[in-house]
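Here's a quick briefing to keep beside the model while you click around.

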Amino acid sequence: MVKVRPRVPIPKRPIDERIRDFNEVVIGYDKKQAIEEANRCLQCPSKPCVKGCPIGVDIPRFIKFIRNHEFEKAYRVLIEKCPMPAITGRVCPQERQCEKECILAKLGQPIAIGALKRFISDWAQAQGLEKVSQEEKSRIQRGRKIAVVGSGPSGIVVALDLARLGYEVTMFEALHKPGGVLVYGIPEFRLPKKIVDEELKYLEELGVEIKLGIVVGRTITLYQLLDEYDAVFIGTGASHPRFLNIPGENLNNIYSANEFLVRVNLMKAYMFPIYDTPIHVGKRTAIIGAGNTAMDAARTAVRLGANEVYVLYRRTRREMPARLEEIINAEEEGVKFIFLVQPIEFIGSGKVESVKLMKMKLGGPDHTGRPKPIPTGDIIEFPTDVVINAIGFHPNPLIPRTTPKLKTDNKGRIMTDQFGRTSIKRVYAGGDVVIGEGTVIEAMGQGRKVAKTIHLDLLRS
Ligand code: FAD
Ligand code: SF4
């Protein structure tokens with residue numbers, strides 16, 4: 001058996017320091033560590049890691065440039081395919097994508113592809129490298145007009161790709177800051193806002209206009225946009241909370257994760273006492289769900305001073321959908337987990353005081369391939385004074401409701417063909433509003449595919 005050198009550990013801040021603030025937890029590699037890790041790469045001719053990357057980054061090539069100390073070249077290889085690597089390097093579930101396919105995963109620990117991506121992107125940001133050369137910018141001739149609704153990862157990639165091809169792109173965003181979940185969902189300690197702001201400069205470089213505070217479907221209709229633009233892309237995400245639909249759900253101090261994280265992120269509750277945003281985390285906070293949103297809510301509650309934070313999940317740790325790194329971080333930060341339980345009722349008078357939990361066991365695979373949780377009939381009562389519901393999201397229904405011919409499925413997702421065309425001519429959609437809850441890289445991948453469709457359709461029309 002080949003002996004493989006272990007992965008260079010990715011430095012993080014000490015636990016007792018990081019749980020007191022919202023600064024970034026992961027420090028990331030320095031130059032020496034990045035080169036040492038890059039040197040572990042076997043430069044496999046068949047590039048299995050690339051097959052695991054949803055947008056096909058040439059991983060061995062950028063790693064080769066890192067080990068040759070050619071960081072700018074490494075960066076150029078990265079952004080050929082991945083427009084915002086400082087973000088994806090931080091939030092992609094690499095253990096289920098490129099790192100899972102890395103040949104070294106079978107022999108020991110895979111190459112830390114995400115950490116290397118992050119290293120090279122942070123290096124490029126520190127150098128102030130522009131993503132588009134002056135020469136390329138001067139070659140772009142602006143032509144037909146595109147409206148992009150929503151400024152999350154899918155909309156950003158559509159805007160970038162089409163602006164690069166010479167279209168005049170205008171983005172319409174309901175909130176007062178662009179970035180979608182990257183700014184209002186994912187907390188500062190995982191993805192600093194300044195990193196997102198730096199990556200968004202790419203839109204500026206390409207002359208994309210961003211109109212903030214415009215709610216399409218309310219401020220302006222989709223049909224009005226169609227009158228003015230040659231094509232419209234809808235990338236409005238999925239931020240409408242799913243409810244448990246159990247008794248007591250409207251008691252006070254039961255939040256949806258979205259409401260909780262938006263208050264913390266956009267209304268700056270994390271900057272207390274400079275911003276006095278009303279938010280209550282209680283003494284014992286219960287988070288329901290086990291995805292990235294649940295981990296973010298749990299770790300945020302820890303930082304806001306909850307004495308005890310519990311994650312309640314109906315399956316086991318093995319089935320948790322969150323990124324492994326975030327599960328480990330949450331465990332390190334003192335979040336406790338109760339597995340195989342399903343809330344069936346909230347109890348309290350005015351405010352929530354406890355939740356009744358049905359104990360579950362695992363059965364055979366369900367439609368997602370994960371083992372199906374089955375009620376055992378045993379019920380326990382769990383005292384808690386704040387509950388954060390993080391069981392998932394649906395797309396926001398506003399645009400479909402105000403656009404009668406736009407077809408959606410029974411989950412409210414906009415229906416498209418495989419290339420991103422909706423039921424209305426010249427209207428396209430992608431990202432979470434089409435796939436339901438996905439990942440940042442999936443939304444970007446969809447954006448890239450749809451931008452290509454828009455371009456080809458407009459060339460033909
Ligand atoms: P979004 O990012 O949701 O952006 C949609 C944008 O459209 C928003 O800015 C919204 O304000 C705007 N909008 C909505 N309606 C309108 C309207 N009518 N008019 C104008 N604008 C409108 N994925 C990962 O890969 N890794 C992670 O670690 C991760 N963590 C997550 C943590 C949280 C808390 C959440 C909620 C999600 C997380 N995800 C993660 C999932 C990921 O963020 C999403 O899959 C991704 O952001 C979807 O991109 P999108 O472009 O489809 O939509
Ligand atoms: Fe390097 Fe792993 Fe890709 Fe092989 S599979 S080229 S070792 S990153």
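L42, I103 and L107 together make a nonpolar surface patch of about 230 Å². This is a predicted model, where local features need pLDDT of at least 70, side-chain atom pairs count only at pLDDT 80 or more, and totals for chains, interfaces and linings use all residues. Residues are numbered from 1 along each chain as written, chains are lettered from A and ligands numbered from 1 in the order written, and side-chain values use heavy atoms, leaving out hydrogens and water.

- A patch takes residues with over 30% relative accessible area and no salt bridge, joining like charges within 9 Å and nonpolar side chains (Val, Leu, Ile, Met, Phe, Trp, Tyr) within 5 Å.
- L107 sits in helix α8, residues 103-107 (helices are DSSP runs of H or I with at least four residues, strands are E runs of at least two, both numbered from the N terminus).
- L107 has 31% relative accessibility, so it counts as partly exposed (buried is under 20%, exposed is over 50%, partly exposed is in between, with a 1.4 Å probe and protein chains only).
- L42 and I103 turn up again around ligand 2, in a shell that also includes C41, C44, C49 and C102 (a residue is near if one of its heavy atoms lies within 4 Å).
- That shell splits into 9 nonpolar residues, 1 polar and no charged (Ala, Val, Leu, Ile, Met, Phe, Trp, Tyr, Cys and Pro count as nonpolar, Asp, Glu, Lys and Arg as charged, the others, Gly among them, as polar).

**Around ligand 1**

- Ligand 1 has 36 residues around it, and the closest are V91, S154, E173, R190 and D432.
- Polar contacts here are pairs of N or O atoms within 3.5 Å: a backbone N or O atom of V91 is 2.7 Å from a nitrogen atom of the ligand.
- R190 brings a polar side-chain atom to 2.8 Å from an oxygen atom of ligand 1, and a polar backbone atom of D432 is 2.8 Å from an oxygen atom of ligand 1.
- On its own, ligand 1 has 1,000 Å² of accessible area, and the protein covers 95% of that (areas come from the Shrake-Rupley method with a 1.4 Å probe).
- Elements giving two or more residues to this shell are α11 (153-164), β2 (168-173), α12 (181-184), α16 (292-303) and α20 (440-460).
- α16 gives the most, with 3 residues.
- By class, the shell has 17 nonpolar, 14 polar and 5 charged residues.

**Salt bridges**

- There are 41 salt bridges in the structure (a side-chain nitrogen of Lys or Arg within 4 Å of a carboxyl oxygen of Asp or Glu).
- R13 and E17 pair up at 2.9 Å, N to O; R13 is buried at 11% relative accessible area, while E17 is partly exposed at 39%.
- E72 and R76 form another one, with the closest N and O atoms 3.3 Å apart.
- E72 and R76 are 4 residues apart in helix α5 (residues 71-81), so about one helical turn separates them.
- E72 is partly exposed at 37%, and R76 is partly exposed at 30%.
- R299 and E326 meet at 2.8 Å, N to O. R299 lies in helix α16 and E326 in helix α17 (residues 324-332), so this pair ties together parts 27 residues apart in sequence.
- Both R299 and E326 are buried.
- R299 and E326 also belong to a salt-bridge network, whose members include R190, D296, R303 and E333.

Methods: A polar contact is a pair of N or O atoms within 3.5 Å; within protein, one must be able to donate a hydrogen and the other to accept it, and residues adjacent in sequence count only if both atoms are side-chain atoms.
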